[in-house]
Amino acid sequence: MNADELLKRYAAGERNFHETNLKEASLREAFLIHINLACANLKEINFSLANLRGATLIAAKLKNACLVMTNLNGANLSRADLTFARLTGADMIEANLKNANLSDTKMIGVNLSGASLYATNLMEANLIDACLNNTNLEKANLSEAKLRGASLRKANLRGAFLCESNLEGADLREADLRGANLSGAFLCGANWEGAKLDRAILSGAIQFCVRQI
């Protein structure tokens with residue numbers, strides 16, 4: 001199926017495109033709310049500026065996809081493969097990303113407020129200036145992730161892996177980091193006010209910096 005056919009069928013009222021092959025298709029700025037693309041092949045697809053609010057993308061293959069400024073609020077991306085995808089500026093408020101693979105993704109400024117990323121793989125993801133307030137990141141793998149300037153207020157990071165992650169200037173006020181592994185993490189300038197750190201591992205973490213003028 002190509003992009004034009006999908007758009008025509010969607011306009012006619014069809015919503016179920018389960019297991020559809022749309023590899024390398026261009027659906028830039030497309031309006032596809034509540035579409036079902038579960039298990040679809042969406043590798044290298046262009047969804048930039050598209051509206052996919054409430055979409056079902058369970059186990060979808062989105063490797064190298066372009067999702068820049070895409071609306072994915074309330075979308076279900078559980079178990080989806082988003083490795084190397086570009087999600088800069090995307091809105092993913094209350095999205096479901098449980099057990100998804102987001103390693104090496106570019107997510108600068110993404111809004112994941114209230115989203116569920118339970119046991120999600122975010123290894124080496126770029127989340128600079130991202131909004132992760134009230135996000136569930138329990139048992140997520142954020143090893144070597146870039147979280148500089150990110151907002152993680154009241155985030156659930158229980159048992160999360162943050163080894164060698166960069167949390168410089170991050171807002172972790174009232175975050176739950178009980179049992180989290182922060183070994184080797186860069187924590188200069190992070191705000192920990194009210195954070196829960198019981199049983200957190202901080203060995204080798206850099207918490208204070210002396211800047212030369």
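Where does Glu-94 lie relative to α1? Glu-94 lies in the segment after α1, where helices (H or I, at least four residues) and strands (E, at least two) are DSSP runs numbered from the N terminus. The structure is a predicted model, in which local features need pLDDT of at least 70 and side-chain atom pairs count only at pLDDT 80 or more, while totals for chains, interfaces and linings use all residues. Residues are numbered from 1 along each chain as its sequence is written, and side-chain values use heavy atoms, with hydrogens and water left out.

The protein chain contains one helix and zero strands. Its radius of gyration (taken over C-alpha atoms) is 18 Å, close to the 17 Å given by the globule rule for 213 residues, so the chain is as compact as a globular protein of that length. The globule rule is 2.2 Å times the number of residues to the power 0.38. Along the principal axes, the C-alpha atoms fill a box of roughly 60 × 35 × 20 Å. Of the 213 residues, 49% count as buried; buried means under 20% relative accessible area, exposed over 50%, and partly exposed in between (1.4 Å probe, protein chains only).

Among contacts (heavy atoms within 4.5 Å) with a separation of 6 or more, residues 24 or more positions apart account for 1%. The protein chain exposes about 9,700 Å², of which carbon and sulfur atoms supply 45%. Accessible areas come from the Shrake-Rupley method with a 1.4 Å probe, and for residues only the protein chains shown count as cover. The chain carries 24 positive and 22 negative side chains, and the centres of these two sets lie 2 Å apart. Lys and Arg count as positive and Asp and Glu as negative, whereas His and the chain ends are not counted; the place of a charge is NZ of Lys, CZ of Arg, CG of Asp or CD of Glu.

Glu-94 has a phi near 60° and is exposed, with a relative accessible area of 59%. For Leu-49, also found in the segment after α1, phi is near 65°. Leu-49 counts as partly exposed, at 38% relative accessibility.

Thr-20 and Asn-41 are in contact with each other. Thr-20 has its place in the segment after α1 and is buried, with a relative accessible area of 10%. Its side chain reaches the backbone oxygen of Phe-17 at 2.7 Å. Leaving aside neighbours within four places in sequence, Thr-20 also contacts Met-1 and Ala-40.

Asn-41 lies in the segment after α1 (3-11). Not counting residues up to four places away in sequence, Asn-41 touches Thr-20, Asn-21, Leu-22, Lys-23 and Lys-61. With Asn-21 there is a polar contact between the side chains, at 3.4 Å. A polar contact is a pair of N or O atoms within 3.5 Å; within protein, one must be able to donate a hydrogen and the other to accept it, and residues adjacent in sequence count only if both atoms are side-chain atoms. The C-alpha atoms of Asn-41 and Glu-19, 22 residues apart along the chain, are separated by 6.7 Å.

Asp-171 is likewise found in the segment after α1. Asp-171 is buried, with a relative accessible area of 13%. Its side chain makes a polar contact with that of Arg-173 (2.7 Å). Beyond neighbours within four places in sequence, Asp-171 is in contact with Ala-150, Ser-151, Leu-152, Arg-153 and Asn-191.
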